[in-house]
Number of protein chains: 2
Amino acid sequence: MPTQFDPPSGTRDFLAAEWEIQEHAFARIRSVFARYGFEPLVTPAFERLDVLLGKYGDDGDKLIFKILRRGEHEGSGEADLALRYDHTVPLARVVAAYGSQLPTPYKRYAIGPVWRADRPGRGRYREFAQCDVDTLGTTSALADAEVICAVHDVLAELGLHGFRFQLNSRRVLAGLLEAFGVPAGLGPGVLITLDKLDKLAPDEVITELTGRGLPEAQAGSLVGALTVKDAVEQIRDALKGSEEGAAGLDEVDALLSLVGGQLPDDRVVFAPRLVRGLSYYTGPIWEVAAAGGAGSLAGGGRYDHLIEQLGGPDVPATGGSLGFERILMLLPEQGTGSSRLDVAVTIMDERHAPRSFAFAGAARDAGLRASVYLGSSGKLGRQLKWASDTGARWALIYGNAEEEAGTVTVRDMTSGEQAAVPLSGLSDYLADLAAGAEG
Amino acid sequence: MPTQFDPPSGTRDFLAAEWEIQEHAFARIRSVFARYGFEPLVTPAFERLDVLLGKYGDDGDKLIFKILRRGEHEGSGEADLALRYDHTVPLARVVAAYGSQLPTPYKRYAIGPVWRADRPGRGRYREFAQCDVDTLGTTSALADAEVICAVHDVLAELGLHGFRFQLNSRRVLAGLLEAFGVPAGLGPGVLITLDKLDKLAPDEVITELTGRGLPEAQAGSLVGALTVKDAVEQIRDALKGSEEGAAGLDEVDALLSLVGGQLPDDRVVFAPRLVRGLSYYTGPIWEVAAAGGAGSLAGGGRYDHLIEQLGGPDVPATGGSLGFERILMLLPEQGTGSSRLDVAVTIMDERHAPRSFAFAGAARDAGLRASVYLGSSGKLGRQLKWASDTGARWALIYGNAEEEAGTVTVRDMTSGEQAAVPLSGLSDYLADLAAGAEG
């Protein structure tokens with residue numbers, strides 16, 4: 001592709017085949033969320049700059065696409081608007097703006113592009129779709145369970161297999177630190193390091209923990225408990241020694257029991273090592289691991305004070321986010337999607353154009369996708385080549401012979417078989433083809 | 001709404017009810033376009049600034065939302081990207097980029113937001129949806145006819161009535177100027193003034209024409225011919241005196257005959273006064289007038305050299321654009337859309353939460369939208385109020401009495417009638433409700 005016609009760095013043009021795969025996935029996601037009573041929310045592509053700035057940390061702020069002021073203010077080089085960075089800050093603004101007009105609890109999903117000025121790379125884009133689902137206004141564990149079940153159903157509906165939910169709670173993590181005597185001041189840093197247990201060897205993690213000021217014996221027993229074969233049992237035992245830990249464990253077990261009744265066996269497991277990077281979670285947290293360790297497909301948790309921190313009212317909230325780009329890559333192979341037409345109508349003579357045009361209309365009335373040949377060749381071979389390129393299942397041919405006989409030739413593009421259909425019977429014939437095409 | 005939580009000026013938040021109306025309309029538009037063999041194209045929200053600048057005239061350039069350079073370049077106050085202003089310039093870029101990878105002819109539609117920094121007003125937004133349909137790569141009048149029929153079918157499918165296509169040709173207009181002896185240099189200006197015949201009195205138009213340098217007698221006969229009762233016949237006669245005019249008339253008549261066979265009688269009329277503001281049209285032009293003079297619903301025409309002017313290859317093209325915001329305002333009243341659930345499941349006792357949660361799952365398995373009560377009240381009245389607020393048709397109630405009897409109470413929220421359904425028969429019962437709900 002000539003470089004000057006590329007889409008901007010990190011963005012993509014979606015031609016028909018790629019877009020149809022996305023749109024098909026979006027439709028399935030929407031239908032699952034609707035089945036749970038989540039409703040759509042669509043906010044503008046841009047927000048006022050002050051709504052976004054300072055919400056994603058210094059690193060996040062740098063990745064915000066800012067929009068220059070306009071008119072006489074353009075010369076100032078200042079920005080007043082910025083492209084949406086996620087769906088959560090707009091949600092906080094909407095909840096603040098519409099308050100009591102919204103249902104209680106407010107269960108909404110958002111599907112649409114967000115923009116981040118990240119360095120583009122393999123599978124990493126500057127414009128990419130995010131799919132969020134959240135319930136605001138309730139502290140009920142049933143809301144957490146609903147989000148998890150909805151996300152599960154989305155992944156299953158999309159045709160994914162072998163994925164697994166890892167469930168933990170921020171309260172379990174707090175209890176863990178307490179049970180192993182980690183000083184409160186070291187807590188956040190220790191959790192960040194423990195989050196690396198999937199990537200680093202236990203020894204490396206212990207080294208990093210001691211570097212953070214944790215005595216080596218403590219670091220060793222903490223990492224040991226998390227990495228032994230029966231780690232989950234050991235941690236369960238250890239948590240009983242902490243009030244917060246025991247409460248967290250109850251929270252996890254209640255959720256396991258709620259969602260366990262809905263989902264296939266072993267689809268959700270307690271994962272005491274799961275930390276999730278974001279600091280705003282306050283209760284249950286979860287992540288969906290793809291089959292074969294292909295990364296995380298979705299994640300979420302409870303974040304009871306985030307909406308207030310983002311400028312909204314102080315409402316409890318729980319939700320999740322689908323890693324849509326990664327999910328797309330794992331989807332089962334789609335059909336080639338190359339078919340644009342069911343019926344291709346040839347035009348052998350300009351004199352016949354109105355009649356051929358009407359044939360295409362009759363095919364559409366029968367519910368088939370149809371078009372006449374729009375090129376300039378009068379040769380049947382060229383026109384049938386076009387018909388084949390469109391993926392059409394049938395070609396309609398009307399030339400002088402057909403004009404004389406009062407028929408139209410319907411050619412099966414797969415078998416090459418042809419039928420001479422009287423003009424008066426064409427609509428019925430097309431309706432039969434349409435009915436057969438659906439079956 | 002507290003001002004600081006407003007969406008940015010000229011943009012809108014779409015809560016569920018408004019969004020569902022839009023999404024429903026989008027789905028219908030997509031399905032009609034697909035029936036004609038048009039395929040979707042989705043391009044990024046922003047383009048490189050140089051791709052957009054200079055394409056919309058000086059006034060257009062001022063309305064482009066520009067995106068500030070990032071990182072170390074942010075301080076320069078310079079922009080390098082800009083939000084999409086329409087779907088045509090991105091189309092030209094895509095055709096230039098993908099060339100032979102695209103089907104020939106390339107029939108595509110684009111539905112999505114565009115952004116213009118216009119002064120916001122009633123029905124005028126800075127972020128609004130545009131729906132374009134275009135065929136590139138053919139000079140065939142059948143392509144023009146297809147676009148017109150497709151736009152017609154979209155409007156009909158959306159439920160609009162009484163609208164009418166006004167059809168003209170740039171060649172008719174050129175012939176008209178020739179037939180009335182308008183000097184070539186005055187042509188473009190004269191057309192701009194004639195375009196005002198719908199808003200100004202004939203005298204005012206004559207005055208404006210003489211102001212442009214046209215002798216009063218000529219201005220008078222031109223305006224007279226266009227405004228008399230049998231104007232169309234007079235113009236048809238006058239055009240015979242010009243080669244270009246006669247060719248334009250043939251073009252119009254051929255199109256009228258092609259689309260006339262497909263559309264209801266009088267749905268398309270020859271409108272020799274139709275000019276359409278944009279200078280890039282080269283052949284047939286058309287506009288859709290809403291019933292009762294409520295403005296234009298769609299417009300389009302042939303623009304054989306525009307793609308090249310926009311930076312693409314020199315391919316012939318024809319297409320149309322739907323005035324989506326205006327169409328939305330004219331749509332027949334939609335259902336209130338307030339229903340979020342089919343089945344609302346109460347929870348009378350925390351002990352029953354897992355069972356109630358499973359009931360909701362069973363309802364979803366039956367294809368119904370269902371959720372459990374997520375609030376904190378244990379009172380049946382409050383929970384039934386919630387069920388009613390969600391628009392649910394049925395409430396499932398499971399309390400101590402039901403536990404003892406091994407049943408669940410299914411309450412019809414409209415009639416208030418209740419049935420005691422044995423737990424073992426609930427799935428079948430819900431399946432029956434779902435089947436009845438579809439009927």
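Predicted model: local features only at pLDDT ≥ 70, side-chain atom pairs only at ≥ 80, totals over all residues.
**View 1. An open sheet of five strands in chain A.** The strands of this sheet follow the order β13-β12-β14-β15-β16 (chain A), and their pairing is mixed. Because β13 (370-372) and β16 (418-422) of chain A stand at the edges and each have a single partner strand, one side of each is left without a neighbour in the sheet. On average, and with direction ignored, neighbouring strands of this sheet are turned by 25° against each other.

**View 2. Strands β12(A) and β13(A), with helix α14 of chain A packed on the sheet.** Strand β12 (residues 343-345) of chain A runs parallel to β13(A), and three bridges join these two strands. Within this pair, the residue that stands opposite Val343(A) is Ala370(A), which belongs to β13(A). Helix α14 (residues 353-365) of chain A packs on the sheet and touches β12, β13, β14 (394-397) and β15 (407-412) of chain A, while the direction of the helix makes about 175° with that of β13(A).

**View 3. Two helices of chain B, α6(B) and α10(B), where they cross.** The axes of helix α6 (residues 170-179) of chain B and helix α10 (residues 231-239) of chain B come within 9 Å and cross at roughly 75°. Since angles of 65 to 115 degrees count as roughly perpendicular, α6(B) is therefore described as roughly perpendicular to α10(B). On the side of α6(B), the residues in this contact are Val172(B), Gly175(B), Leu176(B) and Ala179(B), and they meet Ile235(B), Ala238(B) and Leu239(B) in α10(B). Sorted by class, the contact of α6(B) with α10(B) contains six nonpolar residues, one polar residue and no charged residues.

**View 4. The rotation axis that relates chain A to chain B.** Chain A is superposed on chain B by a rotation of 180° with 0.0 Å of shift along its axis, and the RMSD is 0.1 Å. This is the relation of a two-fold axis. Of the residues of chain A, Gly77(A) comes closest to the rotation axis, with its C-alpha at 1.9 Å.

**View 5. The interface between chain A and chain B.** Here 74 residues of chain A are in contact with 74 residues of chain B. Helix α14(A) gives the most to the side of chain A that touches chain B, contributing six residues. That side of chain A divides by class into 41 nonpolar, 15 polar and 18 charged residues. Because 100% of the interface residues of chain A are also interface residues in chain B, the copies meet through the same surface.

Notes. Residues numbered from 1 in each chain as written. Chains lettered and ligands numbered in written order. Pairing = 2+ DSSP bridges. Helix = DSSP H or I, 4+ residues; strand = E, 2+ residues; numbered from the N terminus. Axes fitted to C-alpha atoms, helices over the stretch in contact; angles between N-to-C directions. Contact = placed C-beta atoms within 7 Å. Parallel < 35°, antiparallel > 145°, perpendicular 65-115°, else oblique. Nonpolar A, V, L, I, M, F, W, Y, C, P; charged D, E, K, R; others polar. Least-squares fit on C-alpha atoms with pLDDT ≥ 70 in both.
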